Amino acid sequence: MTDRQHGPRPRPNLDALSAHRPGKPDYAGSFVLSANENPYPPLPGVLETAVAAAGGCNRYPDMAVGELTTELARHFGVPAGHVVTGPGSVGVTLSLVLAMAGEGDEVVFAWRSFEAYPVVTRICGAVPVPVPLTADGAHDLDAMLAAVTDRTRVVFVCNPNNPTGAALRRDELVRFLDAVPAHVLVVLDEAYLEFARDAAVPDGIDLYRDRPHVCVLRTFSKAYGLAGLRVGFAIAHEPVAAALRKTAVPFGVSQLAQDAAVASLRAEKALLERVEALVGERTRVTAALRSQGWTVGDSQANFVWLRLGDRSLDFAAACAEAGVAVRPFEGEGVRVSIGEAEGNDVFLAAAEVFRKQI
């Protein structure tokens with residue numbers, strides 16, 4: 001067969017990838033606890049701001065994301081030049097790997113952790129280096145440090161970790177950061193930090209300030225409830241921030257998303273109240289599961305993790321039958337987002353029935 005008959009050929013390294021599997025499967029149930037979404041509507045004033053911005057959707061958004069960048073810099077007390085936005089934290093993650101790692105370079109991350117890490121790494125032509133979690137679902141920092149080689153360019157640390165909810169404490173994370181070679185970028189992915197209640201869990205922005213090889217990744221999708229608008233950001237020193245701006249998708253954050261994110265930052269009181277309510281629900285769900293006989297770790301995120309191993313798919317099917325979608329990881333466990341109280345109750349009832357059958 002000739003080359004013309006073969007047609008265009010995608011890069012061979014993409015053969016190892018499958019299409020992204022959404023956290024929300026085709027499901028007609030009443031409650032979706034599979035995507036770590038915030039069950040609350042937009043914060044006060046955000047919807048009105050978004051609707052107003054939609055009136056100008058015939059125009060390109062502010063390519064520099066000026067107002068949001070300024071607001072983020074003020075909010076976190078960092079230089080505006082250290083703030084880089086993108087279409088969700090996944091979009092910023094792609095820009096980070098594109099900026100820092102090339103063909104044959106290595107990207108280290110814990111596993112299981114955020115599903116985008118190995119996918120984005122392969123898309124960029126780099127080599128993913130997964131390091132198994134500890135038995136209790138936490139990052140094994142000693143093993144991750146041992147996995148760093150002269151080919152390592154990026155290390156992702158998801159804190160709190162998705163999907164297990166485990167979080168690293170300041171002392172262990174500081175030791176790790178100070179042991180990683182200075183030429184390796186350590187990305188602290190803190191998509192769920194707002195939900196952490198362990199006082200020993202650090203704010204990565206405090207750690208980045210005097211460490212040029214540390215970058216912090218945040219999102220408006222979880223605590224702020226803007227998952228559908230796709231806006232995330234990184235805080236990093238130069239030249240990392242400058243490189244990120246070069247690899248970012250032009251006009252990647254819509255004006256609607258920019259304006260909604262600014263309004264969300266300005267609604268901090270309501271944000272804190274909603275986050276606290278979700279943390280309270282997390283505590284209630286965790287206690288109920290333990291009373292049923294489940295082993296549940298102390299999640300610091302807006303979800304709980306059940307290590308079900310080979311029963312994971314069966315458990316997810318039982319939940320779906322009861323009217324609630326959860327997120328199974330075949331052979332490992334099930335992640336259950338904290339949603340509205342009614343949905344959480346439906347899940348707990350399904351979990352209790354399943355528990356009695358095993």
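Domain bounds, as used in these legends, come from an automatic or database domain assignment. The model is predicted, so local features need pLDDT of at least 70 and side-chain atom pairs count only at pLDDT 80 or more, while totals for chains, interfaces and linings use all residues. Residues are numbered from 1 along each chain as its sequence is written, and side-chain values use heavy atoms, with hydrogens and water left out.

**View 1. The two domains of the protein chain.** Domain 1 is made of residues 12-41 + 268-356, and domain 2 of residues 46-266. Their centres, taken over C-alpha atoms, are separated by 23 Å. Domain 1 brings 26 residues to the contact and domain 2 brings 30 residues, where contact means heavy atoms within 4.5 Å.

**View 2. The area buried between domain 1 and domain 2.** The size of an interface is often given as the accessible area lost when the parts come together. Here about 2400 Å² is buried between domain 1 and domain 2, with 56% of it on carbon and sulfur atoms. Buried area is the accessible area (1.4 Å probe) that two parts lose on being put together, summed over both.

View 3. Three salt bridges are counted between domain 1 and domain 2; a salt bridge is a side-chain nitrogen of Lys or Arg within 4 Å of a carboxyl oxygen of Asp or Glu. E332 and R112 form a salt bridge through their side chains, at 2.8 Å from N to O. On the side of domain 1 that touches domain 2, helix 11 (268-292), strand 9 (303-306) and strand 11 (327-329) each supply at least two residues. Helix 11 gives the most to this side, with seven residues. Helices (H or I, at least four residues) and strands (E, at least two) are DSSP runs, numbered from the N terminus.

**View 4. The salt bridge of R266 and E71.** The side chains of these residues, R266 and E71, meet at 3.2 Å, N to O. R266 is in the loop between helix 10 (255-265) and helix 11, and E71 is in helix 3 (residues 66-76), so the pair ties together parts that are 195 residues apart in sequence. The whole structure has 19 salt bridges.

View 5. Most residues other than glycine have a negative phi, and most peptide bonds are trans. N162 and P163 are joined by a cis peptide bond with omega of about 25 degrees, and P163 is in the loop between strand 5 (152-158) and helix 7 (170-179). The bond from E238 to P239 is also cis, with omega near 5 degrees. P239 is in the loop between strand 8 (232-236) and helix 9 (240-247). N36 has a positive phi, near 60 degrees.
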